[in-house]
Amino acid sequence: MIKSGENNKVNKNEIYVLTITDLDQDGNGIGHIQENGMAVFVKDTVPGDEAEVRIIKVKKNLAFGRLERIRKPSPDRVEPLCPKARACGGCMLQQMSYEAQLRFKEQKVRNCLTRIGGVTFGEDQGPVLEPVVGMESPWRFRNKMQFPVGKGKDGQPALGFYAGRTHALIPLEDCPIGHFFNRAVLDAVKEWIRRTGISLYDETTHKGVLRHVLTRVGFATGQAMVCLIINGTKVPRQDLLWDLLAARIEQEKAGCKLESLMININQDKTNRILGFCSEVLRGSAFIEDRISDLTFRISPQSFYQVNPVQTQKIYQKALDLADLSGNETVWDMYCGTGTISLFLARKARKVYGVEIVEDAIRDARNNARINNITNAEFFVGKAEEVVPRWFEKEGKETRIDVVVVDPPRKGCDEKLLETILQMDPKRLVYVSCDPATLSRDVRYLSEHGFSLISAQPFDAFCHSGHVETVALLKRKNG
């Protein structure tokens with residue numbers, strides 16, 4: 001029964017007809033109850049939808065609802081390509097046209113920089129927000145997938161994804177944002193489970209062996225990896241699994257070749273997917289991929305951007321903004337496996353990189369060696385500890401011309417920002433995966449002598465609410 005908001009009180013399980021007018025930062029639709037103006041957040045809706053929404057949670061000034069039925073669709077509503085999109089929840093925006101997704105992400109960056117960062121766009125000589133960079137085809141772009149393993153409703157082995165904020169497994173035969181070869185892997189692994197009878201891990205009891213299946217593929221090289229994450233130390237009939245995988249990949253005409261079959265041991269009672277020890281079952285301990293003319297080795301635990309097409313555009317933008325002539329000294333903070341560092345090193349005199357993950361720094365050093373780059377030096381540790389210590393020791397005699405930061409979602413530590421201010425670089429290139437923390441850091445830097453020159457969003461996580469941004473800041477007196 002559709003309620004009309006008796007006495008202006010909103011109750012759980014009541015159904016309201018709402019017009020969706022906006023999206024929140026994650027991509028949930030926002031509508032307002034006509035009687036009292038209360039905002040309702042509704043997953044799977046698009047601005048312009050007229051929808052019947054069941055209230056599932058009520059707070060003091062807002063509520064959360066579940067979409068029951070679309071009465072009148074938005075002009076931007078499309079049919080999701082994946083039949084499991086709504087249940088899975090990994091692609092929050094699949095029901096929205098790709099053009100509308102790009103508009104949403106560009107506006108998201110604009111809103112954050114304006115509201116949080118205090119930036120004013122549109123003024124003469126003021127900062128510029130460049131148009132969002134999307135993909136020609138926003139499908140099949142992911143080079144890495146992680147599938148939990150369990151049983152479907154029919155009791156048969158299943159691989160898929162967990163529904164949002166649950167351990168309820170949504171079985172999948174394919175995922176249209178992943179490489180084609182995942183379809184072959186899902187099929188082959190299920191057949192191997194049936195033939196071997198290997199036990200499946202239970203997230204509640206922490207019993208069973210097989211937890212997840214990790215896949216990685218080099219888009220440029222065609223090299224593919226399958227890694228089983230196990231609650232144990234060995235798996236049965238690994239040759240059978242190799243043969244099944246190789247046969248299915250060939251049948252699928254997936255455009256890649258299996259080069260690595262591995263296990264990763266995770267016996268901890270944790271939601272963390274990967275453990276700390278990986279072993280080769282057959283083939284190589286790594287695969288290789290290329291971004292531009294640089295080669296990178298990728299192991300199960302390596303950090304490597306999941307969208308190689310957009311990654312090359314993002315790194316090229318960062319390199320362009322760094323405006324290197326060959327004489328500069330550059331710091332790359334939160335450098336990961338050194339991908340941006342190595343792009344910069346080809347055009348700079350010297351590049352320093354820092355990353356907290358020891359394995360990532362080992363990969364960075366290996367990647368420098370593979371690419372014959374000798375002017376990049378890498379440090380292990382927290383950026384906010386390593387960089388101030390280095391600057392105290394070396395910085396007084398070493399002019400830093402350019403700083404690049406690519407922090408996690410929480411943004412830069414304030415102590416690191418203070419050190420960057422002391423370094424007084426000519427240019428600061430900020431690569432961000434969260435426009436809110438980017439905007440917070442832009443405000444801090446703007447209050448201490450820097451100005452935002454430009455920012456450009458990049459859609460590297462199509463159909464999700466996430467957006468990457470590359471921004472340039474300079475000294476106000478520069």
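1. E252 is partly exposed, with 28% relative accessible area (buried means under 20%, exposed over 50%, partly exposed in between, using a 1.4 Å probe and protein chains only). Its partner R183 forms a salt bridge with E252, with the closest N and O atoms 2.7 Å apart (a salt bridge is a side-chain nitrogen of Lys or Arg within 4 Å of a carboxyl oxygen of Asp or Glu). R183 lies in helix 3 (residues 181-196) and E252 in helix 4 (residues 238-252), so this pair joins parts 69 residues apart in sequence. Helices (H or I, at least four residues) and strands (E, at least two) are DSSP runs, numbered from the N terminus. R183 is also partly exposed, at 28%.

2. A word on the source: this is a predicted model, where local features need pLDDT of at least 70 and side-chain atom pairs count only at pLDDT 80 or more, while totals for chains, interfaces and linings use all residues. Residues are numbered from 1 along each chain as its sequence is written, and side-chain values use heavy atoms, leaving out hydrogens and water.

3. R183 and E252 also belong to a salt-bridge network with R140 and D174. The structure holds 29 salt bridges.

4. Please look at K317 and E130 too, whose side chains form a salt bridge at 3.0 Å, N to O. K317 sits in helix 5 (residues 308-322) and E130 in the loop between strand 6 (128-129) and strand 7 (144-151), 187 residues apart. K317 is buried at 15%, whereas E130 is partly exposed at 22%.

5. Lastly, E377 and K350 form a salt bridge, their closest N and O atoms being 3.4 Å apart. E377 belongs to strand 18 (residues 376-380) and K350 to strand 17 (residues 350-355), so the pair ties together parts 27 residues apart in sequence.
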